[in-house]
Each structure stands twice: as structure tokens, then as C-alpha cells.
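Trainee: I would like to learn how to read the features of a protein model, one at a time. Could we begin with the metal site and then go on to the strands and rings?

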Amino acid sequence: MADLVVRSRRAVTPAGQRPAAVEIADGRIVAVHEYGARIDADHDIDLGELALLPGLVDTHVHVNEPGRTEWEGFATATRAAAAGGVTAIIDMPLNSIPPTVTVAALEVKRAAAAGQCHVDVGFWGGAVPGNTDDLPALHDAGVFGFKAFLADSGVPEFPPLDPDGLAGALAGVDARFVLHAEDPHHLHAAASSPAYADFLASRPPDAEHAAVATAIAAARAARARVHILHLSAADALPLIAAARADGVRVTAETCPHYLTLDAAEIPAGATEFKCCPPIRDAANADRLWAALANGLISCVVSDHSPCTPELKHADSGDFAAAWGGIASVQLGLPVVWTAARARGHSLAEVVDWMARRPADLVGLTRKGRLAVGADADLVAFDPDATFTVDPSRLHHRNPVTPYAGRTLSGVVHTTWLRGRSVTGDQPHGRLLEREDP
Ligand SMILES: [Zn+2]
């Protein structure tokens, strides 16, 4: 007998949206039936016209615990994730202290996370100058790959790699590498200013273009896997397309804010919009949408990167002084769905971008899909309901958001992790380890 059946007239399966009944036993999906199928189960939930989605997989989240837990912690980040329909996150190796650059540091992270997570949590390792010898053991310990910066990361304990350092890291371990691709030689010091245009001018598209070229050259030389994080500058897309056509193993992601926010509309002093690379103009966003539609950009992940309100310098509104980062793990699905629908995209495409493909990026073959054998990570979602973003209803630690006051489509009703609904009381998330060799 099944533990649970969840029925929906709008189940988003790998074959598209259709009426279905998902049968669950021992936390896994054991069958996907016709909507009205008779199934013996302890619990039988009929969502009717609510959509049933696989839980989203967000491979780009900064939790910051331990060390900067006042910015964000595991309990709050994962509670926010669950409320946003995200059932697995992969934590970035920096902004926590210590950064995840050795096996010992990974153990510190795991100990900090254990018992507090409302969704499943995996970890990226970090590649920094001097730790190339640590990478194989850190990979064996279960990280999903390695993040590196090509420009200043914003924190002193996670310095960037130069091109030689990147080549050394890629040669040192057969792993996926995820890169913050801005080239330091094309970045300018931003003058103290409340004008967004001054900050934007300090981080031009050239910086991303040059760094993507560096990343591709390194991937080509080492025959390595390289993933471009949070691509903002559409100018870099042709480089990625050409490299892929040439057989270089390079992929790219973008984020909800690059797709949906417009530099021209950012108010003076509104530092909640500051992130690196920066939000660019509407024509740039149109090109990112086109790349998403044709598969050149493979996924959309949050780059949830919070800090304290003080570090956002809201009172002075000084873009140069403010910490760069947008916290959106709870809002990514409705933000992207609202804009995607207006552009004629289906909910199945959004699920592909935000669940299946991020899961595939990190080799989590049992996540991100409503399919037999997958974990029963599910989301009941009303694609047609609207809500207005109220920061006081955000679960992450510091509810600073550029989406405050926006009306969005898409409301998450229930999130299940391995067949159990996530209520915010008992955390039952697990710590994930890389599954592929
Ligand atoms: Zn990030």
C-alpha cells in the first residue's frame, strides 16, 4: 500500500503538463497514474486545478552559517526555500567562516547545518589560491564541485584565481567548476553615489565577456567542465554558443533578477537592487530570455545572497558601499513564472529551468522531476493566484528585497519533502552528497 497519493489536473511531468496521480511510498515516487486511478493509500490528496510540480532545485544559495549567521542561517534559508517551492539547495562555499575550501571546513559546515534544515542541502567546495592540493579530498568528501572567482569576491578569506590558478585547479581534479565570471581588468572602482547608473558603469558587460572568454579557454585546454554562474551580460552569449558548438563543456545559468528587473527603473539609493554582476537594461534581459528559450542558458537559480540591512547601507543609499547580493530563494518561482507567462512560456518550461536542469547540472538524478524513482519532493502551486510581495512574510533572516510591493502570479500552497509536508516546525531535510563519480 502507498503512503500517499497526490492528484492534480495540472501535474508537470517530464512529458509535459497533464492530469495525473502520483503514488508515493517510502519517500519516493513509485508510480505516475491516470488522474482518476484507484490506488490503495494511507492518504489521498486531490489538488484539483492546482498544479503539481516537482520541488525546485536551487544550486546557487549563500547560507553564511557559521561565521556570518546574522546574514543568513540554515534554519531561515531552508524555511524560505520550502515556502518558495524549493526542496533542495546547494550552498556556496563563501561568506560563511570558514569558507568551504578544505575537508575540515566542510565538516564545520555540515555540523552547523545538521538538524536545522527544512529542505535538502548540499555543498559546493571552493577553489582559491593555494588549495589545489585540497581539491581531490574535498571532492571525495562529497561536494558537488568547486566555485572560483576570477575577480574580487567581496570577502578577504575567499580570494580569486588568476588564469594560471584556474588552469591549475582545473588540472588538479576532475570535477565540475562553477565560476563567478567578471574580469578584474574591466572593473572600475565605483564612486560613492546613490545613482544606480554610476554603479552599473563600474561593472560593464566587457568584464563578463572577458571572464567568460578566460573560462572557456581554460575549459578547452583542460577538457574540463565549466559552468558560468549568474550570467548577466548577454554580450557573452555568442562566446558560449561558439564554444559549445566546438565541443567545449561550458554551460551557463542566469537569475530571476537579470531576467525581470530593468536598470532604468532602479530608484536612486535603492541598494536592495545591488548585485554583482549588475542588473542591466531591458534589451539585455530580452536576449537572456531568448537564450533561455533556445537552451543556451540551461537554468535559472536564485543566487540568494543576503546580508544584514546595515550592510545594504539603506540610509545613505550609497551603491558603492552597499553589499552586493539579492535574497530571493523564496520568490524565484513566482518572479520567473510571472514574467515567463507574459512572454508566452509554459509552466513546464519554468519547471525545466528551475528544477530538472539545475538537478542535472549537479548530478541529482532523483531530484527535480515527477518521475518514477525520484524523491517525492513536490509542490502544490496555484499558477493563477496573485499576491503582493510583503517583506514581513519572507522567512529568510533579513527580509530585504527588490521585489517589495510587486504583484506576482503563482502561490505555493504546500511543499513536500520525500512525501512529508514541510510545515516549518520539525526540520527533516537531509545533507546531500554528490552521487556521480
Ligand atoms: Zn553567488
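Mentor: Let us start with the word donor: donors are N, O and S atoms within 2.8 Å of the metal (3.2 Å for Na, K and Ca), and since water is not among the atoms, sites may look incomplete. Please keep in mind that this is a predicted model, in which local features need pLDDT of at least 70 and side-chain atom pairs count only at pLDDT 80 or more, while totals for chains, interfaces and linings use all residues. Residues are numbered from 1 along each chain as its sequence is written, and side-chain values use heavy atoms, with hydrogens and water left out.

Trainee: Which spacing do the donors of the zinc ion follow along the chain?

Mentor: The spacing is H-x1-H-x240-D. The protein donors are H60 (NE2), H62 (NE2) and D303 (OD), and they lie 2.1 to 2.2 Å from the zinc ion. To place them we need helices (H or I, at least four residues) and strands (E, at least two), which are DSSP runs numbered from the N terminus. H62 belongs to the loop between β6 (56-61) and α1 (74-83), and D303 to the loop between β14 (299-300) and α10 (332-342), so the pair ties together parts that are 241 residues apart in sequence.

Trainee: Is H62 buried or exposed?

Mentor: Buried means under 20% relative accessible area and exposed over 50%, with partly exposed in between (1.4 Å probe, protein chains only). H62 has 4% relative accessibility and therefore counts as buried, and D303, at 9%, counts as buried as well.

Trainee: In what order do the strands of the open sheet that holds β6 stand?

Mentor: In general, strands of a sheet pair through backbone hydrogen bonds, either parallel or antiparallel. Here two strands are taken to pair if DSSP finds at least two bridges between them. The open sheet has 3 strands in the order β6-β7-β8, with parallel pairing. Because β6 and β8 (120-123) stand at the edges with a single partner strand each, one side of each is left without a neighbour in the sheet. Between β6 and β7 (residues 86-91) there are 4 bridges, and V57 has A88 as its bridge partner in β7.

Trainee: How many residues of strand β11 are buried?

Mentor: In β11 (residues 176-180), 5 of the 5 residues are buried, so the strand is largely enclosed by the rest of the structure. R176, V178 and H180 point one way from β11, whereas F177 and L179 point the other way. Strand β10 (residues 146-149) pairs with β11 in the parallel sense over 4 bridges, and the bridge partner of F149 in β11 is H180.

Trainee: What kind of aromatic pair do F149 and F158 form?

Mentor: Rings of Phe, Tyr and Trp (its six-membered ring) pair if their centres lie within 6.5 Å; planes under 30 degrees apart count as stacked, over 60 as edge-to-face and the rest as tilted. A search of the whole structure finds 8 aromatic pairs. One of them, F149 with F158, is edge-to-face, at 5.9 Å centre to centre and 75 degrees between the planes. F149 is buried, with a relative accessible area of 4%, and F158 is buried at 0%. The rings of Y196 and F319 have centres 5.4 Å apart and planes at 75 degrees, so this pair is edge-to-face too. Y196 lies in helix α5 (residues 196-202) and F319 in the loop between β14 and α10, 123 residues apart, so to speak of this pair is to speak of distant parts of the chain.
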